[in-house]
Amino acid sequence: MTAPARSLTKRPAWEALSVHHKKVKGLHLRDLFSADPKRGERLTAEATGLFLDYSKNRVTDETLKLLVQLAEESAVRERINAMFRGEKINVTEDRAVLHVALRAPANATIVVDGKDIVPEVHAVLDKMAGFAHRVRSGEWKGHSGKRIKNVINIGIGGSDLGPVMAYEALRHYSERSMIFRFVSNVDGIDFVEATRDFDPAETLFVVSSKTFTTLETMTNAQSARDWSLRGLGGDVKAVAKHFVAVSTNAEKVSAFGIDTANMFGFWDWVGGRYSMDSAIGLSTMIAIGPENFRAMLGGFHEMDEHFRSAPFENNLPVLMGLLSVWYANFFGAQTVAVLPYENYLKRFPAYLQQLTMESNGKHVTLDGKSVRYDTGPIYWGEPGTNGQHSFYQLIHQGTRLIPCDFIAFAQALTPLGHHHDMLLANVFAQTEALAFGKTPEQVKAEGTAAALVPHRVFKGNRPSNTILAERLTPETLGKLVALYEHSVFTQGAIWGVNSFDQWGVELGKALAQRIIPELESKTESELDHDSSTNNLIRRYRKMKGSA
């Protein structure tokens, strides 16, 4: 499926939005709320247990109408349908894009290349569940007969960011008699610190690499193998009791020493950053149990169905995607802050960085033409209230426009005094302060000295979304992740880019493979890089004592 024939900036809705933006860019949220006392109740949407308040955005009813029109003119609905049908919308790799199949119910039918893939998905889920049960119950024993108490997930990119985010988010539901850690960085510190206080006899490694050739993952896996064998008497048979693989390369998995019966596969229609609900989530399932994992999948599926069927005017992912386009392309906003007021979601912004920026950080359209507009805003953030004491200053009084997503829950998982009321009070106070600010007159009325008045003025008019849910459960996490997945999809569909390839990560990896032997060589080799890279290689070799 290709992008609509008419280029984005020539579509009637885009041209109308450009004219409209000039009329409304000076409007202040104070005035918009004053003119419409019901605005805070009207500009909301609710689905699957998530409540979205988007009233504190710099939009009017006309803005929203034109944004929806832009989605329609950009064939967003057609592209959604194509994804769910299993069409190969990842055109540069000739692949379907079917992370939605990973959470489809067993009675669904999704056909790729003439084959229903849903039974395969559920077969892997059942296999994962059986293994997770054996580890959690203690039935699975290590080489020396000891019970597994520690699980270390080895992966990188989506094979790490998804599992570690999900584990931290759902730690409340995890098996507390076990310890879960995650190794991704090829920096040896990551592995050494993860294993420093562990007994190899009680440690299981989940090695996640589709090809079983990923440089960082396999370097860490080999170090894990060496560490395990040193602590288990050197018997190579021990590997099969302390390592399992999430991979499709049976030959390399077997050569490593892993029993291929404990190899969990996934498919080329699953992108790494969309894979946390596939076998890549094996460590998550071991941590929270198969029942909770399937509940998370149910949450994903609920949001999938909402995205597929709801009118754009009430469609949560579409609305959020359209607002991102509005700020990125008409206001020139370059970043989006994601601010979860829930400490269990402390890794959620980091997870979203890959999901959003690897997906839409593209400079050409689906048909290979250079884009003439911004794509892929920078996503970043930290949990509240910590962020309030660091970077919120820039959001409130800085010169850059930074749209914000606030995420909060009505019920605390770990109630403690009046902490949760204080936490939520801060959510509502921050969005209020960002929207309405404080005028010079208000500052003066407080008795502030004239010289200090400019410093204490808050201009306001800083946009935000607020996402509220009842409680952070596995289902809710699935809904939140799918919400952002489909918001990213919406943005990419409008920009006409391929949100599902990632060629930008390849060049640096290829060059690193060339440089590694130049760093490790016992004798200095002839270098053929630029003068800076050549000089850095020589300086490194000298500093480490190789030359």
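Modeller: A salt bridge is a side-chain nitrogen of Lys or Arg within 4 Å of a carboxyl oxygen of Asp or Glu, and the structure holds 23 salt bridges. This is a predicted model, in which local features need pLDDT of at least 70 and side-chain atom pairs count only at pLDDT 80 or more, while totals for chains, interfaces and linings use all residues. Residues are numbered from 1 along each chain as its sequence is written, and side-chain values use heavy atoms, with hydrogens and water left out.

Biologist: Why is the contact of Arg 42 with Asp 36 called a salt bridge?

Modeller: The closest N and O atoms of Arg 42 and Asp 36 are 2.7 Å apart, and the definition asks for a nitrogen within 4 Å of a carboxyl oxygen, so the pair counts. Side chains of opposite charge can pair when their charged atoms come close.

Biologist: What makes Asp 36 count as buried or exposed, and what of Arg 42?

Modeller: Buried means under 20% relative accessible area, exposed over 50%, and partly exposed in between, with a 1.4 Å probe and protein chains only. Asp 36 has 18% relative accessibility and is therefore buried, whereas Arg 42, at 39%, is partly exposed.

Biologist: What does the salt bridge between Lys 346 and Glu 168 tie together?

Modeller: Their side chains meet at 4.0 Å, N to O. Lys 346 lies in the loop between β10 and α15 (348-360) and Glu 168 in helix α7 (residues 158-169), so the pair ties together parts that are 178 residues apart in sequence. Helices (H or I, at least four residues) and strands (E, at least two) are DSSP runs, numbered from the N terminus. Glu 168 has a relative accessible area of 13%, which means that this residue is buried.

Biologist: How do you know that there are cavities, and how many are found?

Modeller: On a 1 Å grid over the protein atoms alone, a cavity is a set of points where a 1.4 Å probe fits but cannot get out, and lining residues have an atom within 4 Å of a point. A search of the whole structure finds three cavities of 30 Å³ or more. The largest cavity holds about 130 Å³ of space, a volume being the space filled by probe spheres set on the points, which are joined across faces, edges and corners. Of its 19 lining residues, those closest to the centre include Leu 323 and Tyr 327, and α14 gives the largest share of the lining, five residues.

Conventions. On a 1 Å grid over the protein atoms alone, a cavity is a set of points where a 1.4 Å probe fits but cannot get out, and a pocket is an open set with protein on both sides within 12 Å along at least five of seven lines; lining residues have an atom within 4 Å of a point.
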